[in-house]
Amino acid sequence: MSAQEKPDPLRDVAARYAVAITPAMEALIAHEHDPIALQFRPDARELAVLPDELIDPIGDGAHEAVTGVVHRYPDRALLKLLHVCPVYCRFCFRREMVGPGGDGALTSTELDAAIAYIEAHPDIWEVIFTGGDPFLVSARRARDVTERLAAIPHVKVLRWHTRVPCVDPLRVTPDLVAAIKHEDVATYVVLHANHPRELTREAKAAIARLVDAGVPMLSQSVLLKGVNDDADTLEALMRGFVEARVKPYYLHHLDRAPGTSRFRCSIEHGQELMQTLHERASGLAQPAYVLDIPGGHGKAPLASPSAEKTEAGWKVRDRNGSWRDYDEDGR
Ligand code: SF4
């Protein structure tokens, strides 16, 4: 900064982390504390990095087998086709890796090496496209990678993780939908959304283009203070997914990425919200509440246990939170 320049924290945030919001999301913002604004608009508090925040909070780096492939569990691998997104979430767990600078996408040599790695590992049953947002690839590239992976006999499932159906719904074109399907493999799409207002009419139409074409959809959300950490909002979000034919799959406890502490909720609060959701809504509307253990150790379920073995037999918790005896042998 030169002597004449005034301090500008937002400029400093933008210099460190990528910033972008789509017109569809901008149109939803009513005021500066709007949950949509909190997710995408930069904030000076991002410059405060706490000692327990990690550049790679879920430990992708420890499991990167070749460029673009993270092989953490034997039966599945992440394939990061590109590092750009249509929006940049202020709580992103890969915020140090995504953005318009640097390498945007895998080169064709890197993609060849990534596919060769998957081909050489017969335990890999499922390939998960992540990034960045993989729905930003062209339909031509999506078709190419789908066909190449579908040709590998042990790859049975392709899973695309994306925010696009909500944040830029017109990108879900019939061409893209056709490109990700193949008769030799099952294709799933996992939609990332955190607030019920993200499920606009246009978003629901984009979801319908996928589901009507036979692509099953699941959801993932992040529990975020000020965005969805109250029972009514979380319930509306999960009901909204189900109504749009998206099965709630994961509610993630926030990963401790740098400069994200303003979004933190306690695990206890998350468990209370899950219990309320359990009391209020059908089983269809229940995601699994999970934590990615820092250091790359995988996921831990966080829901409080509903069954306990005692000397007298089992105690099980009903939907209102009361504990009841259960005699396993039916005596
Ligand atoms: S869309 Fe996903 S990868 Fe991209 S900024 Fe948001 S959380 Fe990060």
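Visitor: About how many helical turns separate Arg-239 and Glu-235 in helix H9?

Guide: This is a predicted model. Helix H9 covers residues 231-243. Arg-239 and Glu-235 are four residues apart in this helix, so the separation is about one helical turn.

Visitor: How far apart are N and O where the side chains of Arg-239 and Glu-235 meet?

Guide: Side chains of opposite charge can pair when their charged atoms come close. Arg-239 and Glu-235 form a salt bridge, and the N to O distance is 2.9 Å.

Visitor: Is Glu-235 buried or exposed?

Guide: Buried means under 20% relative accessible area. Arg-239, at 32%, is partly exposed. Glu-235 has a relative accessible area of 15%, so this residue counts as buried.

Visitor: How many residues apart in sequence are the parts that Arg-264 and Glu-53 tie together?

Guide: The side chains of Arg-264 and Glu-53 meet in a salt bridge of 3.7 Å, N to O. Arg-264 is in the loop between strand E8 (246-252) and helix H10 (267-280), whereas Glu-53 is in the loop between helix H3 (35-40) and strand E1 (64-66), so the parts tied together are 211 residues apart in sequence.

Visitor: What is the relative accessibility of Glu-53, and is Glu-53 buried or exposed?

Guide: Arg-264 is partly exposed, with a relative accessible area of 28%. The value for Glu-53 is 8%, so Glu-53 counts as buried.

Visitor: How far apart are the closest N and O atoms of Asp-12 and Arg-11?

Guide: Arg-11 is partly exposed at 32% relative accessible area. Asp-12 also counts as partly exposed, at 36%. A salt bridge requires the nitrogen within 4 Å of the carboxyl oxygen. Asp-12 and Arg-11 form one, with the closest N and O atoms 3.9 Å apart.

Visitor: Which residues are linked in a network of salt bridges?

Guide: The structure holds 28 salt bridges. The residues linked in a network are Asp-43, Arg-45, Glu-46, Arg-90, Arg-95 and Arg-262.

Visitor: Where does the ligand sit?

Guide: The residues surrounding the ligand include Cys-85, Val-87 and Tyr-88. As for the site, the ligand is in the largest pocket.

Visitor: Which charged residue is in the shell around the ligand?

Guide: By class, the shell has five nonpolar residues, one polar and one charged. Cys-89, Cys-92, Arg-163 and His-192 are among the residues around the ligand.

Definitions and conventions
Residues are numbered from 1 along each chain as its sequence is written. This is a predicted model: local features need pLDDT of at least 70, side-chain atom pairs count only at pLDDT 80 or more; totals for chains, interfaces and linings use all residues. Side-chain values use heavy atoms; hydrogens and water are left out. A residue is near a molecule or strand if one of its heavy atoms lies within 4 Å of it. On a 1 Å grid over the protein atoms alone, a cavity is a set of points where a 1.4 Å probe fits but cannot get out, and a pocket is an open set with protein on both sides within 12 Å along at least five of seven lines; lining residues have an atom within 4 Å of a point. A molecule sits in a cavity or pocket if more than half of its atoms lie within 2 Å of its grid points. Ala, Val, Leu, Ile, Met, Phe, Trp, Tyr, Cys and Pro count as nonpolar, Asp, Glu, Lys and Arg as charged, and the others, Gly among them, as polar. Buried means under 20% relative accessible area, exposed over 50%, partly exposed in between (1.4 Å probe, protein chains only). Helices (H or I, at least four residues) and strands (E, at least two) are DSSP runs, numbered from the N terminus.
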